[in-house]
Amino acid sequence: MKTQTQKEAAGAQAETVRGMMAASKTETAQARRTGRGKTYDMAYTAVFAVLIAICSWISVPTVVPFTLQTFAVFLAVSVLGGRRGTLSIVVYVLLGAVGIPVFAGFKGGIGVLLNTTGGYIIGFIFAGLIMWLMERLFGRKLWAQLLGMILGMITYLSVGTAWFMVVYLRQTGPVSLGTVLGWCVIPFLIPDIVKMMLALSLGNLLRKRLAGIMGE
């Protein structure tokens, strides 16, 4: 017959085995969740990169025609958050850089980015990073999102304007800051603010509706 000590040792071994099995199951479940999360991240990133492209093709006919590109950029960050939203912007820019016609006017290629208005497209990436930083610092409070979008808009307009002046100087000649602002910034300020506010409202609504699917 087994002694009491042997019984206790056997029980301890069985408990250890059960603990190891439970830990293994937990690790497997976590690995599955992590893998599924990465798959979802890639899917969301791709969907919003395509959405930015589609909105870039939509031109609203006004005195100064504008696209819905900036609306989609703001919406991507609002719905997906700073990290995934910025990644979708990067994917969009890279798709255009390799020649896929995702930019406004169904254009694509590195030449578009190197042209006078290419800086505004590249500026979207920096805008996304600014909005991501604001999210990391202050969370997803409404005022923090709004402030992040405002700073993001200032960022892509600043990068784009500086880029325009440098390229225009090389291609044509000197141009004043006031002239560039009159061409590329002032006519689009009100439309961009309207698109920003729409993206903020719609983005938060969609994020709440999709929270379960997005694993939040």
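**Reading the model feature by feature**

Mentor: Begin with one residue, and keep in mind that this is a predicted model. Arg-84 sits in helix H3, residues 82–97.

Trainee: Is Arg-84 buried or exposed?

Mentor: Compare its relative accessible area with the cut-off: under 20% is buried. Arg-84 has 7%, so Arg-84 is buried.

Trainee: Which side chain does Arg-84 meet in a polar contact?

Mentor: That of Asp-41. The two side chains are joined by a polar contact of 2.9 Å.

Trainee: Helix H3 also holds Thr-86. What does the side chain of Thr-86 reach?

Mentor: The backbone oxygen of Gly-82, at 2.7 Å. Thr-86 has a relative accessible area of 4%, so Thr-86 is buried too.

Trainee: Let us step back to the whole fold. How many helices and strands does the protein have?

Mentor: Eight helices and two strands. Along the sequence the pattern reads α-β-β-α-α-α-α-α-α-α.

Trainee: What share of the residues counts as buried?

Mentor: 37% of the 216 residues.

Trainee: Now the nonpolar core. How many residues are in the largest one?

Mentor: The largest nonpolar core has 41 residues. Those with the most contacts inside this core are Phe-74, Ile-89, Tyr-92, Val-93, Phe-103, Ile-121 and Tyr-156.

Trainee: Which elements give two or more residues to this core?

Mentor: Helix H1 (4–57), then H2, H3, H4, H5, H6, H7 and H8. H2 gives the most, with nine residues.

Trainee: Next, the aromatic rings. How many aromatic pairs does a search of the whole structure find?

Mentor: Eight. Read each pair by two values: the distance between ring centres and the angle between planes. Take Tyr-92 and Phe-103: 5.6 Å centre to centre, with 80 degrees between the planes. That pair is edge-to-face.

Trainee: Where in the chain do Tyr-92 and Phe-103 lie?

Mentor: Tyr-92 is in helix H3, and Phe-103 is in the loop between H3 and helix H4 (110–114). They are eleven residues apart, and the pair links distant parts of the chain. Tyr-92 has 1% relative accessibility, so Tyr-92 counts as buried. Phe-103 also has 1% relative accessibility and counts as buried.

Trainee: Why is the pair of Phe-164 and Tyr-168 called stacked?

Mentor: Look at the angle: planes under 30 degrees apart count as stacked. The planes of Phe-164 and Tyr-168 are at 10 degrees and the ring centres are 5.7 Å apart, so this pair is stacked.

Trainee: Why are Phe-164 and Tyr-168 separated by about one helical turn?

Mentor: Because they are four residues apart in helix H6. Phe-164 counts as buried, at 7% relative accessibility.

Trainee: Which residues form an aromatic cluster?

Mentor: Phe-74, Phe-124 and Tyr-156 form one.

Trainee: Which residues line the largest cavity?

Mentor: Val-77, Ser-78, Met-131, Met-134, Glu-135, Gly-139, Arg-140, Ala-144, Gln-145 and Met-149. Helix H2 (69–80), helix H5 (118–138) and helix H6 (142–171) each supply at least two of the lining residues. By class, the lining has five nonpolar, three polar and two charged residues.

Trainee: What volume does the largest pocket have?

Mentor: About 700 Å³. This pocket is lined by 24 residues, and Thr-67, Gln-69, Ala-104, Thr-117 and Tyr-120 lie nearest its centre. Strand E2 (66–67), H2, H5, H6, helix H7 (177–184) and helix H8 (186–209) each give two or more residues to the lining. The lining splits into 13 nonpolar, eight polar and three charged residues.

Trainee: One last reading. How far apart are Thr-161 and Thr-116?

Mentor: In sequence they are 45 residues apart; in space they are 8.8 Å apart, C-alpha to C-alpha. Thr-161 lies in helix H6. With a relative accessible area of 6%, Thr-161 is buried.

Note on methods:
Residues are numbered from 1 along each chain as its sequence is written. This is a predicted model: local features need pLDDT of at least 70, side-chain atom pairs count only at pLDDT 80 or more; totals for chains, interfaces and linings use all residues. Side-chain values use heavy atoms; hydrogens and water are left out. Buried means under 20% relative accessible area, exposed over 50%, partly exposed in between (1.4 Å probe, protein chains only). A polar contact is a pair of N or O atoms within 3.5 Å; within protein, one must be able to donate a hydrogen and the other to accept it, and residues adjacent in sequence count only if both atoms are side-chain atoms. On a 1 Å grid over the protein atoms alone, a cavity is a set of points where a 1.4 Å probe fits but cannot get out, and a pocket is an open set with protein on both sides within 12 Å along at least five of seven lines; lining residues have an atom within 4 Å of a point. Ala, Val, Leu, Ile, Met, Phe, Trp, Tyr, Cys and Pro count as nonpolar, Asp, Glu, Lys and Arg as charged, and the others, Gly among them, as polar. Grid points are joined across faces, edges and corners, and a volume is the space filled by probe spheres set on the points. Rings of Phe, Tyr and Trp (its six-membered ring) pair if their centres lie within 6.5 Å; planes under 30 degrees apart count as stacked, over 60 as edge-to-face and the rest as tilted. A nonpolar core is a set of buried Ala, Val, Leu, Ile, Met, Phe, Trp, Tyr and Cys residues joined through side-chain atoms within 4.5 Å.
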